[in-house]
Amino acid sequence: MLTLDLTNATAALVATDFDALCDRIPEVHARIESGSDPRPGSAYLGWRHLPETLDPAEFARQIDCAARLREVAPRCVVAGIGGSYLGAKATIDALGSDQTIRFAGHHVDPEAVAELLAEIDDGDFTVVVISKSGTTTETAVAFRLLRELLVRRHGARKAAERIVAITDPEGGALRRLAGAEGYESFAIPPDVGGRFSVLTPVGLLPIAIAGIDIDGLVAGAAAVMRQAAPSPDYAPYRYAAARTALHQAGKRIEVLATQSVRLAGVGEWWKQLFGESEGKEASGLFPASVQYTTDLHSLGQWLQEGPREVIETFLAVESPVADPAIPAGGDDGDGLTYLAGRPLSEVNQAALAATRFAHLTGGIPNMLIRAGRRDAPHLGALYAFFERAVAMSGYLLGVDPFTQPGVEQYKQAMFALLGKPGTRFAAAGQWQQYQERPTVALEVAVDTADPARR
Ligand code: PA5
């Protein structure tokens with residue numbers, strides 16, 4: 001069960017257009033269901049019926065493939081970026097893995113890549129490379145390095161048995177490479193965008209390799225998708241209307257606050273989902289995520305007394321799978337005897353309740369989403385909840401939530417810098433001016449001499 005609690009946002013919502021936005025939900029739901037929005041994102045609505053439309057034969061092939069890769073090696077490197085890795089990482093971080101899973105291709109940090117390559121230098125690993133376009137530089141570069149290592153250790157034919165590609169069914173460099181090299185491959189449905197793809201092979205294969213119950217994940221998501229209705233009583237839509245109303249009333253930032261360390265990755269996934277879907281046409285709440293109570297000791301001051309432009313959404317798990325009791329501890333030297341014998345969850349729940357109260361009284365309206373347990377069905381349900389919510393809130397806001405044109409700008413500049421052949425740089429004029437700007441830089445000397453010689 002997921003519960004959405006709006007109690008601490010009710011007062012703030014009174015002075016907003018919340019009711020009017022709720023009234024628009026049936027029309028926007030119809031637009032989501034029919035794909036009738038005239039903008040390009042309507043071509044990417046396949047996520048709505050995803051668990052149901054998964055081909056049973058392909059689903060079974062993913063389970064078989066995961067079992068095969070688990071047999072081949074105890075380690076798997078998953079290469080992908082953005083929507084092509086965040087869902088798998090969030091799920092594996094949340095639920096754990098009985099294999100060693102490493103992620104690559106989501107940065108181009110030479111030191112981190114070198115560390116990973118050193119760790120897997122024996123070649124005892126498999127690779128799942130994921131890219132819908134098949135051309136994403138970060139992922140393609142990482143894959144080239146991983147492939148080279150495997151080929152060096154095993155030869156081209158054996159290396160190919162250790163590689164699985166997940167990409168567009170029709171074209172793209174990765175699809176062609178998979179065909180030419182004979183990699184097992186899976187298709188990302190063309191009508192599902194990257195950040196909505198956790199319930200396709202993009203998420204499901206790595207999650208299955210980790211030994212996680214993908215049936216449960218899919219069942220949890222399906223339950224939430226099935227309940228979608230043209231009504232503000234559908235919790236994802238009510239959440240969408242509330243955050244949109246608060247945004248339109250002047251709030252600029254939404255903080256997703258998790259009370260469970262294992263859910264930090266869900267915060268990262270959520271940031272991409274909402275950030276890429278809504279941050280356009282100079283609008284959209286900035287999605288930030290924090291981990292409580294850890295961040296109460298770093299960002300707590302800012303949240304309590306900083307600019308009042310924030311709303312907060314708490315994400316809490318009701319029943320922890322483990323719950324140590326605080327020991328009796330002798331003579332009360334640490335002053336904690338009043339907690340002796342009480343479960344840690346009681347402290348966590350008190351921290352949650354206290355933070356919600358403190359931040360509300362400090363001027364931050366907050367909402368609470370509670371998941372019954374930290375398990376596969378609840379995670380699947382959360383993914384579906386937020387996907388439904390962002391579709392609704394994007395359309396309520398007036399943007400096209402299923403495109404991400406702004407991501408191209410940095411890529412074009414990077415390609416121009418790297419001299420990628422055949423690329424057209426739309427902002428070439430601005431780039432020229434930018435390069436000619438006067439340099440303003442200050443240096444601070446750092447003494448790197450050997451301490452022994454100082
Ligand atoms: O949501 C999206 O579409 C993006 O974040 C993509 O997932 C990301 O840019 C990676 O793209 P690709 O899968 O084509 O490598």
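Predicted model: local features only at pLDDT ≥ 70, side-chain atom pairs only at ≥ 80, totals over all residues.
Student: Why is Cys76 in no disulfide?
Tutor: A disulfide needs two cysteine sulfur atoms within 2.5 Å. The nearest cysteine sulfur to that of Cys76 belongs to Cys65 and is 9.0 Å away, so Cys76 is in no disulfide.

Student: Is Cys76 buried or exposed?
Tutor: Cys76 counts as buried, at 1% relative accessibility. Cys22 is buried too, with a relative accessible area of 9%.

Student: New topic. How many salt bridges does the structure hold?
Tutor: The structure holds 24 salt bridges. Side chains of opposite charge can pair when their charged atoms come close.

Student: Which residue does Arg31 form a salt bridge with?
Tutor: Arg31 pairs with Glu27, and their closest N and O atoms are 2.9 Å apart. Both residues lie in helix H2 (residues 18-34), four residues apart, about one turn of the helix.

Student: And how accessible are Arg31 and Glu27?
Tutor: Arg31 counts as buried, at 14% relative accessibility, whereas Glu27 counts as partly exposed, at 40%.

Student: Which residues are linked with them in a network?
Tutor: Glu27 and Arg31 are linked with Asp37 and Arg39 in a network of salt bridges.

Student: What about Glu408, which residue does it form a salt bridge with?
Tutor: Glu408 pairs with Lys411, with the closest N and O atoms 3.4 Å apart. Glu408 and Lys411 are three residues apart in helix H17 (residues 408-418), so about one helical turn separates them. Glu408 is partly exposed, with a relative accessible area of 36%.

How values were computed
Residues numbered from 1 in each chain as written. Heavy atoms only, no water. Buried < 20%, exposed > 50% of the residue type's maximum accessible area, 1.4 Å probe, protein only. Salt bridge = Lys/Arg side-chain N within 4 Å of Asp/Glu carboxyl O. Helix = DSSP H or I, 4+ residues; strand = E, 2+ residues; numbered from the N terminus.
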